[in-house]
Amino acid sequence: MTQQLLFTNDVAAHIQAVANDIKPNSTFILADDNTARCVLPELQSASALLARSTVITIPSGDISKNLESLAHVWKMLGDNGGTRSSLLINIGGGVITDLGAFAASTFKRGIPFINVPTTLLAAVDASVGGKTGINFNGLKNEIGVFNEAPFVIISTSFFKTLPAEEIRSGYAEMIKHALLTSDAEFEALTSRPADHHTPQELLTLLQRSVEVKRHIVTTDPTEKGPRRALNLGHTAGHAFETMAMGRRRPIPHGYAVAYGLIVTLILSHTILGLSTAPLYRLAGYISNNYGAFPITCYDYPQLLELMGHDKKNERTDRINFTLLRAIGSYECGVTVPAEEITAALDIYRDLLHL
């Protein structure tokens, strides 16, 4: 089935319409405790289907994207009569859509599911592209499968309650897509802070950004070639994110990507000759809106080790990056020596005044 992206502010009605098409014999909702408290009651009051669905909750936060939470979802499905004809509706951020999609993909060898992202990050990143999974053994997204959600219902109505930090987190992924597209898109997104757009302006930017990702994904569903472009900023970004978790001071995923994009554009300049103009524009924008992830030269060995564990690497001693020759022109699978990476980390610290 071709994935359907539904942009609407009448979310409950569209969930009902999709359920009418799927015709499940039972319906389950997966949400974290925050979404269950702040979002779900409004949706349930507008839909008899959602009101009578079995609700499965897990604690909020990336720390819950683990095997224990996954097992809890499987158990709740099994204990409450879930079958291969059941429907799982994942309502929440990226943790919920990633974990819920993986649970649905593996329970009874696969049941139908819908993703309803409630954060900008989940809308632009986690709900499109078919990546599902959990963190494992201290590493991000270590276990999972590719399985595209047949339906994704995207609405900006959920974003009005989000803190500015959550908007900025998703916006960083949109900046990544802009870097893969054109100078005009990159300049449009970096012309003002993420939370200074009206809901309609943000919806328009979001639709364009999601379509960029969707176009790339359709050419390479299982990340064997061109889809690796979407890893722009993530090799270093995931290392920053994992280090922050180890420090017990986690940072939002989009913030980690923002910092990783700076490292990536530095390497793009030194290795592929990218102009310094987008690098300085990006570094200034990130510094002003996201601050900096603090590192010293003593952190370099751990960061290199974490980058070596990135799933894009064929060997842990060969670290690969997606780099830019110019905005809109990228090269995937570029192997970068450790000394080049540490030099880029030095420049990252200089650009962010660390």
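For the residue classes used in these legends, Ala, Val, Leu, Ile, Met, Phe, Trp, Tyr, Cys and Pro count as nonpolar, Asp, Glu, Lys and Arg as charged, and the others, Gly among them, as polar. All views show a predicted model.

**Figure 1. The second largest pocket and the residues that line it.** This pocket has a volume of about 190 Å³, and of its 14 lining residues those closest to the centre are N135, F136, G138, L139 and M245. Two or more lining residues come from each of the strands β6 (134-136) and β7 (139-143) and from the helix α11 (234-246), with α11 giving the largest share, three residues. By class, the lining divides into four nonpolar, seven polar and three charged residues.

**Figure 2. The largest cavity, with its lining from β7, α11 and α14 among other contributions.** Twelve residues line the largest cavity, and K140, H238, L306, H309 and D310 lie nearest its centre. While β7, α11 and α14 each supply at least two residues of this lining, α11 gives the most, with four residues. The lining of the largest cavity has four nonpolar, four polar and four charged residues.

**Figure 3. The crossing of helices α8 and α10.** The axes of α8 (residues 164-179) and α10 (residues 199-219) come within 9 Å and cross at roughly 55°, and the two helices are therefore oblique to each other. Their crossing is left-handed. On the α8 side, Y171, M174 and H177 meet L202, L205, L206, S209, V212 and K213 of α10, a contact that has six nonpolar, two polar and one charged residues.

**Figure 4. The packing of helices α14 and α15.** Helix α14 (residues 300-308) and helix α15 (residues 338-351) pack at an angle of about 120°, and their axes are 11 Å apart. Angles of 65 to 115 degrees count as roughly perpendicular and those over 145 as roughly antiparallel, and α14 and α15 are therefore oblique to each other. The crossing in which α14 passes α15 is right-handed. Y300, L303, L304 and M307 in α14 meet A338, I341, T342, L345, D346 and R349 in α15, and by class this contact has seven nonpolar, one polar and two charged residues.

Notes:
Residues are numbered from 1 along each chain as its sequence is written. This is a predicted model: local features need pLDDT of at least 70, side-chain atom pairs count only at pLDDT 80 or more; totals for chains, interfaces and linings use all residues. Side-chain values use heavy atoms; hydrogens and water are left out. On a 1 Å grid over the protein atoms alone, a cavity is a set of points where a 1.4 Å probe fits but cannot get out, and a pocket is an open set with protein on both sides within 12 Å along at least five of seven lines; lining residues have an atom within 4 Å of a point. Grid points are joined across faces, edges and corners, and a volume is the space filled by probe spheres set on the points. Axes are lines fitted to C-alpha atoms, for helices over the stretch in contact, and angles run from 0 to 180 degrees between N-to-C directions. Angles under 35 degrees count as roughly parallel, over 145 as roughly antiparallel, 65 to 115 as roughly perpendicular and the rest as oblique. A crossing is left-handed if the near helix is turned anticlockwise from the far one by less than a right angle, and right-handed if clockwise. Contact means heavy atoms within 4.5 Å.
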